[in-house]
Amino acid sequence: MIRAVRDWQRQADFVLAAEDAGPLVKQLNHSYVIYGTLLLFPVSLLESQIWRAVNRQGDNAVQDLLMLVAKHLKVTRIAVTKPIPLQVDGDDSLENVVRSPSNFMPLYGDFGPETRETPPTQDDFDKAYWVTAKQNSISQTWAPRWTMFSRGNISEKARILELPTVASAVAEGVGDGRGCSAVDLYAGIGYFVFSYLKAGVSKVLCWDLNPWSIEGLRRGSTANKWKAVTHDGGSGVDHMATYDVRLLIFNESNEHATARLKTLRKLLPPVRHVNCGLLPTSRGTWTAAFAVLDSTAGGWVHVHENFELSEIADRAEEVRMEFQKMYDMAYRTGRSGVVLEHITRVKTYAPGVFHVVLDIYIPPHADAT
């Protein structure tokens with residue numbers, strides 16, 4: 001970064017004040033991240049006094065600086081990362097269900113066309129800029145203009161990789177010859193999907209509404225050499241279980257998950273883990289998560305929620321009780337069996353608010369009779 005600023009000053013037709021050069025380097029160095037050929041600056045860069053001083057030199061000067069940053073850091077594109085808006089851009093009454101990065105801000109390089117068809121065509125996918133990054137030795141691919149990427153989930157991805165309950169489900173599947181399955185009700189580009197596969201889970205069934213996320217999921221599975229089949233939108237899904245694949249992908253609402261599993265359950269290894277990874281709350285999928293778990297083997301639901309720090313323990317117990325109610329209604333046992341095994345604080349979501357993951361064990365029906 002120092003070389004980029006030095007070269008920029010040397011070739012520019014203006015003089016940056018000496019007292020500004022140091023702060024500029026410091027600001028550019030602050031919290032940037034690189035994924036493959038993409039460099040992302042935090043939004044705080046644009047809000048800084050030193051960046052405003054750079055902007056006063058004109059667009060050409062800014063592009064010259066960014067070109068040199070790209071050259072010295074060996075990237076081809078630069079953008080500003082911003083939080084994903086919870087509402088649709090321009091309409092606060094509509095939820096941004098597909099978590100589209102509508103406020104994405106490119107600074108340098110070609111990120112592909114700014115418009116696309118709805119739904120996107122193969123031509124849209126081909127013309128878009130895709131970036132691939134590795135975390136935990138797993139490749140993930142996404143189109144920054146159209147798809148979110150959450151770097152804050154890296155610790156949870158690693159945890160799933162090493163989670164003893166995942167390892168035990170895999171071992172049991174090997175032992176009885178049936179294997180095991182997992183379900184991700186908010187798959188995205190494969191954040192947790194790929195961790196389950198790398199950990200040895202036989203098959204993962206994935207749901208996501210965003211076709212750009214689904215395309216990233218497919219490209220990522222190819223990069224990791226995991227075969228996948230995608231539901232084509234027709235009514236039948238039985239044929240998906242006949243393919244020699246580890247990923248079954250559904251580009252549709254996860255409201256269909258229960259019905260899909262009802263059709264596929266006898267054709268697939270038992271579902272032992274379910275991921276509910278939507279923030280600020282995944283409450284809308286708890287019923288489906290309970291329903292798709294294998295009732296004879298039992299399993300775990302991983303519930304992602306935002307809780308205030310002072311309320312984590314109480315709110316977590318409330319979630320456990322909701323699953324206990326579902327268990328009681330389904331099997332009418334009258335016995336307590338649903339266990340909150342662990343609470344993980346993934347990251348700070350807002351001041352005083354944490355993204356947490358609750359590992360909730362749902363026992364097999366036979367254990368409660």
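**Exercise 1.** In this predicted model, find which residue of β2 stands opposite Tyr-35, and state how many bridges join β1 to β2.

*Solution.* Begin with the residue pair: the position in β2 that stands opposite Tyr-35 is Leu-38. Then turn to the strands themselves, where β2 covers residues 38-42 and is joined to β1 by three bridges, the two strands running antiparallel.

**Exercise 2.** Work out the strand order of the open sheet that four strands form, and explain why one side of β1 and of β6 is left without a neighbour in the sheet.

*Solution.* The order is β1-β2-β3-β6, with mixed pairing. Because β1 (33-35) and β6 (105-108) stand at the edges and each has a single partner strand, one side of each lacks a neighbour in the sheet. As to geometry, neighbouring strands are turned against each other by 30° on average when direction is ignored. Finally, helix α5, spanning residues 59-73, lies across β1, β2, β3 (77-81) and β6, and runs at about 80° to β6.

**Exercise 3.** Determine which residues have the most contacts inside the largest nonpolar core, and which element gives the largest share of this core.

*Solution.* The core has 39 residues, and those with the most contacts inside it are Val-274 and Phe-323. Among the elements that give two or more residues to it are β13 (271-276), α12 (286-292), β14 (299-308) and α13 (312-331); the largest share, six residues, comes from α13. Leaving aside residues up to four places away in sequence, Val-274 touches, among others, Val-183, Leu-185, Ala-289 and Trp-300. A second, separate core of 37 residues includes Ala-79, Leu-163, Ala-182 and Val-204.

Terms used: Residues are numbered from 1 along each chain as its sequence is written. This is a predicted model: local features need pLDDT of at least 70, side-chain atom pairs count only at pLDDT 80 or more; totals for chains, interfaces and linings use all residues. Side-chain values use heavy atoms; hydrogens and water are left out. A nonpolar core is a set of buried Ala, Val, Leu, Ile, Met, Phe, Trp, Tyr and Cys residues joined through side-chain atoms within 4.5 Å. Buried means under 20% relative accessible area, exposed over 50%, partly exposed in between (1.4 Å probe, protein chains only). Contact means heavy atoms within 4.5 Å. Two strands pair if DSSP finds at least two bridges between them. Axes are lines fitted to C-alpha atoms, for helices over the stretch in contact, and angles run from 0 to 180 degrees between N-to-C directions.
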